[in-house]
Amino acid sequence: MTWASIDLNADLGEGFGRWTLTDDEELLSVVTSANVACGFHAGDAVTMRRVCELAAARGVRIGAQVSYRDLAGFGRRSMDVPADELAAEIAYQIGALDVFARAAGSRVSYVKPHGALYNRVVRDEVQAAAVVEGVLLAGGGLLDGGRLPVLGLPGSRLHEAAGKAGLPAVTEAFGDRAYTADGSLLPRGQEGAVVTDPAEVVERSVSMARFGVVTAHCGRSVAVRARSLCLHGDTPGAVGLARRVRAELEATGVRVEAFV
């Protein structure tokens, strides 16, 4: 399935203290949705507040990018967290970000897992259910009685759990990540997992947005149904790349607009 429009999202606020990784201000002039780090894999109170203010001023939707508690590993290390503990930590992160979103005149509009948690809930039913429980716990006072949309891979356990709980499930694709033949992401530890050639990223992004297909790492065409397209903010030259992707999408007739 393809869409007449597509959302562009990026991971933002990925700094801590004096350390910064993403060019938040420039990326917020390009994307339509901002996945803001909530302090567990990156981000702190000052950073969250600043990014929310910038996003609100530009009309960019604010999403809570929730993670395992793993600052040292940037949230990319697999962890076995008890379900009740994970649910509480998801709710905690969403609530913390929403304070700053509301202060800026906006609100948390959706939730997206990060890193190891994102990949884990593609197949892990228990962890996926815990994430959804956390979204429901935090969402009661945020938007439509807890119906915060959940952003993730098509066909994931996360989306399955979200659907059972009555949460909107929003499909996502990645212009700068390699895919396997089954439509999942090639693990970052494998060669070629991150697509670095700008022309290739642009071509893949347009193909997924317009035709719903991408060439997998093995060379096969894979169906990718995406309502939102992610471009990683920590990629070298991320701002220029995001601008190229958006310009090409619009040049080929795809409207770039937020999904919420």
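**Exercise 1.** Determine how the axes of helix 2 and helix 3 are arranged in this predicted model, and which residues form the contact.

*Solution.* 
Step 1. The two axes approach within 8 Å and cross at roughly 45°.

**Exercise 2.** Carry out the corresponding analysis for helix 7 (residues 198-211) and helix 8 (residues 238-251).

*Solution.* 
Step 1. The axes of helix 7 and helix 8 come within 9 Å, with a crossing angle of roughly 40°.
Step 2. Helix 7 is therefore oblique to helix 8.
Step 3. Helix 7 passes helix 8 in a right-handed manner.
Step 4. Helix 7 contributes Pro198, Ala199, Val201, Val202, Ser205, Val206 and Ala209, while helix 8 contributes Leu241, Arg244, Val245, Glu248 and Leu249.
Step 5. The residues of this contact between helix 7 and helix 8 divide into 9 nonpolar, 1 polar and 2 charged.

**Exercise 3.** How many aromatic pairs does the structure hold? Describe the pair of phenylalanine 40 and tyrosine 92.

*Solution.* 
Step 1. There are 3 aromatic pairs in the structure.
Step 2. In one of them, phenylalanine 40 and tyrosine 92 lie 6.0 Å apart, centre to centre, with 40° between the planes, and the pair is tilted.
Step 3. Phenylalanine 40 is located in the loop between strand 2 (33-37) and helix 2 (45-58), and tyrosine 92 in helix 3 (residues 83-103); the pair therefore ties together parts 52 residues apart in sequence.
Step 4. Phenylalanine 40 has 4% relative accessibility and counts as buried, whereas tyrosine 92, with a relative accessible area of 56%, is exposed.

**Exercise 4.** Which geometry does the pair of tyrosine 118 and phenylalanine 174 adopt, and are these residues buried or exposed?

*Solution.* 
Step 1. The ring centres of tyrosine 118 and phenylalanine 174 are 5.6 Å apart and their planes stand at 90°, an edge-to-face pair.
Step 2. Since tyrosine 118 belongs to helix 4 (residues 115-123) and phenylalanine 174 to strand 6 (residues 169-174), the pair ties together parts 56 residues apart in sequence.
Step 3. Both tyrosine 118 and phenylalanine 174 are buried.

Definitions and conventions. Residues are numbered from 1 along each chain as its sequence is written. This is a predicted model: local features need pLDDT of at least 70, side-chain atom pairs count only at pLDDT 80 or more; totals for chains, interfaces and linings use all residues. Side-chain values use heavy atoms; hydrogens and water are left out. Rings of Phe, Tyr and Trp (its six-membered ring) pair if their centres lie within 6.5 Å; planes under 30 degrees apart count as stacked, over 60 as edge-to-face and the rest as tilted. Helices (H or I, at least four residues) and strands (E, at least two) are DSSP runs, numbered from the N terminus. Buried means under 20% relative accessible area, exposed over 50%, partly exposed in between (1.4 Å probe, protein chains only). Axes are lines fitted to C-alpha atoms, for helices over the stretch in contact, and angles run from 0 to 180 degrees between N-to-C directions. Angles under 35 degrees count as roughly parallel, over 145 as roughly antiparallel, 65 to 115 as roughly perpendicular and the rest as oblique. A crossing is left-handed if the near helix is turned anticlockwise from the far one by less than a right angle, and right-handed if clockwise. Contact means heavy atoms within 4.5 Å. Ala, Val, Leu, Ile, Met, Phe, Trp, Tyr, Cys and Pro count as nonpolar, Asp, Glu, Lys and Arg as charged, and the others, Gly among them, as polar.
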